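Colleague: Could you walk me through reading aromatic contacts in a model?

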Amino acid sequence: MPVIWRIAFRNIWEHKAKSFIIGTLISLGVIIIVLGNSLIDSSESGIRKEFIETFTGDAMIHGPSDSVVSVFGLESMDGEMEVPTIPEYEKVLEIVKADPGVAKYTSMAIAYGSLALDMEELSKDGDEDSQNGQMGSFALVYGVDASTYFDMFPSIVLVEGSYLKPGFPSVMVNENQLKKLEKRYGKKPGVGDKILINGFGTAGLKIREVEIAGIYKLRDDEGTTVTVGEDGASGESGSMPNVYADIDTARVLGGLTLGVDDSVELKPEETTLLASDDLDALFGEDLVDDSAQKTGFDLAGIQSALADTGERERLNTADTGAWNFILVRLDSSAIAPAFLASATAKLSDAGIDARVTDWKGAAGTSGKFADIVRVVFVVAIIIIAVVAVIIMMNTLVVSVIERTGEIGTMRALGAQRGYVRKMFLAETLALTIFFGLVGSALALGLTALLNALAIPAGNSFVQLLFEGKILHLVPRIGSFISTIIMVFIVGYLSHLYPVSVALKIEPVRAMQTE
Amino acid sequence: MVIVELQDVRKVYPLGKVEVEAVRGVSFSIEKGDFISIAGPSGSGKTTILNMLGCVDRPTSGTVLIDGKPTKDLSDKQLTTLRHDTLGFIFQSFNLIPVLSVYENIEFPLLLGKTGPRGHERTEWIDYLIEEVGLGQWRTHKPNELSGGQRQRVAIARALVAKPQIVLADEPTANLDSATGEQILDLMKKINREMETTFIFSTHDARIVNIADHVIRLRDGLVSENYRRDSDSSSASAAESAEAGLGGRS
C-alpha cells in the first residue's frame, strides 16, 4: 500500500477520538439521507402508483388552456371557468392508437355538481353545507367510456350492482356518498334508486336524474381500500368525491352540449344600442312592441312559439364529440417521456392544439406532494452538510496543528506541498468513505429493523406515503451511491482549509516546535 | 572540493517591534567529506546557520551556495528538491514519523523522490543501514517503542538512506546519555570515513568539537574561530583564527 494511505489509515487509528467524532457525524448523515430518501422514494412510488392506477394513467391529453389542467379539472382560475375539450378528438385518438407503446387508453369528461335525493331539498343543501363549513354532497363527476375506463383502472372495484351501461343515464357512487345522503335525507339510496345531480358550469345550472347503477370502492394490490380526499388529494376525510357517470350525463352537466356554442346574431341597430350609455335610449318607449295591443292577442301564435323546444333540446343534448381528457396507459411507465415527446410532436405536426402531460401533470397539485417533501428534505440535508463540513473542518485544523512537527519534518526531508496535500486528502477520504460505508450498513440494518417492526399506517394519508398499510422501506442503490458521493464531497470540502493551514507551515518553524 | 559556501550571510528576525540579528555577516566554506562542527553558546546563531545550509530558512542577505549553486533565487519547489537530493537531516528531537515503523521511517525519503535504489536493491540497502545502526531486531517497531538512542539511530539511518552529499545534524547528542552519545558519534564518524559523506554539526557538545576535522566557532552571530585539524594544524589554526577575528571570513 502506498505510504500516503498507510500514514492516513494509521493516523485515523492513532487519533481515535477525533476520528470517532468525524466518523459519527458522517455515519449519522448517511443514515438520515438513506432513510429519508427511502421514505420519500416509497411515498413517491405510492403516490405515483395510486394516481397512475386510479386516476391519471401514465399520460393525459387535454385541450388547450391558459390555466393548469389536471384530471380533477382546472387548478388555477386565470379567467377560465371551463375545462377545455380536446380539439379534433378523432384525429388525436388516432395518434394515440398508432403509438406502439400504448397499452390501453380511455376518454373522459368532467363536471362538477352536488348530489341530492329531493328537488325541494336541493336548494337547501348548499346553505346547510356552507353554514357547517362542509363540502356536503359535492361530486366530481367523471363521465367515462365504460367499455374502456374500468378496464384501464382495475383498482375501481364494484361492490354492488353493475358498471355503467353505455347510453343509459346512470352513475356509480361510493359508500361514503350514500351515507352522506342518508344522513341528510333520512334514507339511504341503493342500487336501482334515482338520485339527482345538480351540475354547475359555465352553461348554467343543470339537473339530471340518474339511476345508481353500482357502488364502487378503490382497492390496492393488497386488497386494502385506499381512499382519497374530497379535492382529489389525500386527506383525512377519506372519502372520494368521484361519481362515475355515463358520458352524456357528464357532458350535459358540464355544459358540453350542442347549443352551448351557438352565438347570438345581433342586428346593427341592436349592436349600436347596446354600446350606448344613454339609459333613456335603452329603456325608451321605442323598444316597446305594442303591436299586440293594436292587432289583438294571438293565442295560437304564442302556443306555436312555445311549442318550439328545439333550442332547449339542443342545450340539453350532449355533444358526442366532446371529451376533456384522453388517458393513456403505456406498456411501461419508463417510456412515458418518450411517449410525451412523440405525441407532442405528432400533434404539432398535425396542427392540433392539444396538450400532453405525464401522470404528475395530470395529478396537478396532488402529484407534486412528493416533490415538495423531497425539496424540503434536500434543503434540510444541505443545512446538515454545511454544519458537518464546519465541524469536520475545525476538527481537522486541530489535527493539523498537532502535527505541525510531523509536517515540517516531511517538508524538510523533501516532501513537496503537493505531497502534504495528498496526505491530508487521503486521510479525509479514508475517514469519509469508511464511515460512509459504516453509515450505509447501519442504514440498511435500521431499514431491516423498521420493516421488521411492521409499523402500521395510522390513516389513509400515511397509507399513501407508506405505499400500503405497513411501513416498508426499500433503499435504492442510487440512493446509496448518491449518498457516498455527497459524503465524498463533504469530506473534500472539509479538508481544504486545514490543508491550506498545513501548507503554510514552513519546515523551519515545524522543526522549532518539535 | 568546496561543497558548501556562505558569503557574508546575515539573518534578521523580527521580534515584535524589535529586530534581532541572529547572524551578522558570516562567511566560510566547507570541503567535501568534512566532519565539521559549528560550535558556540546558545544564541550564537549556529542553528540559524544550519537551517540556512539546510535550505529550510533563507538568509536576509548574503549568499548560500550548495554544491556551487546559490540557493537564494530558488523557488520553494526547487529548494525542496535540493533538500531531498543533496541533504540529509538529523534533528535534535529525532523528528520521526510516529505512525511509521523503523523500516518505514528510514525508507520515507526514498518514497518522496524518483531517484535512489528500487525494489530488492532498496530493501537490501535499508536492511544494511538498519544493521549498521544496530537496530536489526527493531525494524517493525514504532518510534514510541524505542529509546532515545535508538530513535536517533533511526534518524541517522534515515538521513543516509538517500546517500546525500551532506548530512546536517542539529545537536544530535543533546537528548542522549553520554554512552549513547559516544556510540552515535562513532557511527557517524565511521560513515564519514567509509562513504565520504560531509557531516555538519551544530553543537555545543565538546566531544563533537574534539573529533571534528573542521571547527567553526560562533559568538554573537559572528565567526570567532575557524580552523581545521590537519598535519600542519597549529599554523593553519592560527591563521584561520586571526582571519575570523577580522570579520569571520574563512
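Predicted model: local features only at pLDDT ≥ 70, side-chain atom pairs only at ≥ 80, totals over all residues.

Colleague: What describes a pair of aromatic rings?

Modeller: The distance of the centres and the angle of the planes. Rings of Phe, Tyr and Trp (its six-membered ring) pair if their centres lie within 6.5 Å; planes under 30 degrees apart are stacked, over 60 edge-to-face, the rest tilted. Over all chains there are 20 aromatic pairs. For A:Phe51 and A:Phe72, the centres are 6.2 Å apart and the planes at 75 degrees, so this pair is edge-to-face.

Colleague: Are A:Phe51 and A:Phe72 buried or exposed?

Modeller: Buried means under 20% relative accessible area, exposed over 50%, partly exposed in between (1.4 Å probe, protein chains only). A:Phe51 is buried at 3%, and A:Phe72 is buried at 8%.

Colleague: How are the rings of B:Phe35 and B:Phe201 placed?

Modeller: Their centres are 4.8 Å apart and their planes at 50 degrees, so the pair is tilted. Both B:Phe35 and B:Phe201 are buried.

Colleague: Which charged residue lies over the face of A:Trp13?

Modeller: A charge sits over a ring if NZ of Lys or CZ of Arg is within 6 Å of the ring centre and within 35 degrees of the ring normal. Here A:Lys16 lies over A:Trp13, 4.5 Å from the ring centre.

Terms used. Residues numbered from 1 in each chain as written. Chains lettered and ligands numbered in written order. Heavy atoms only, no water.
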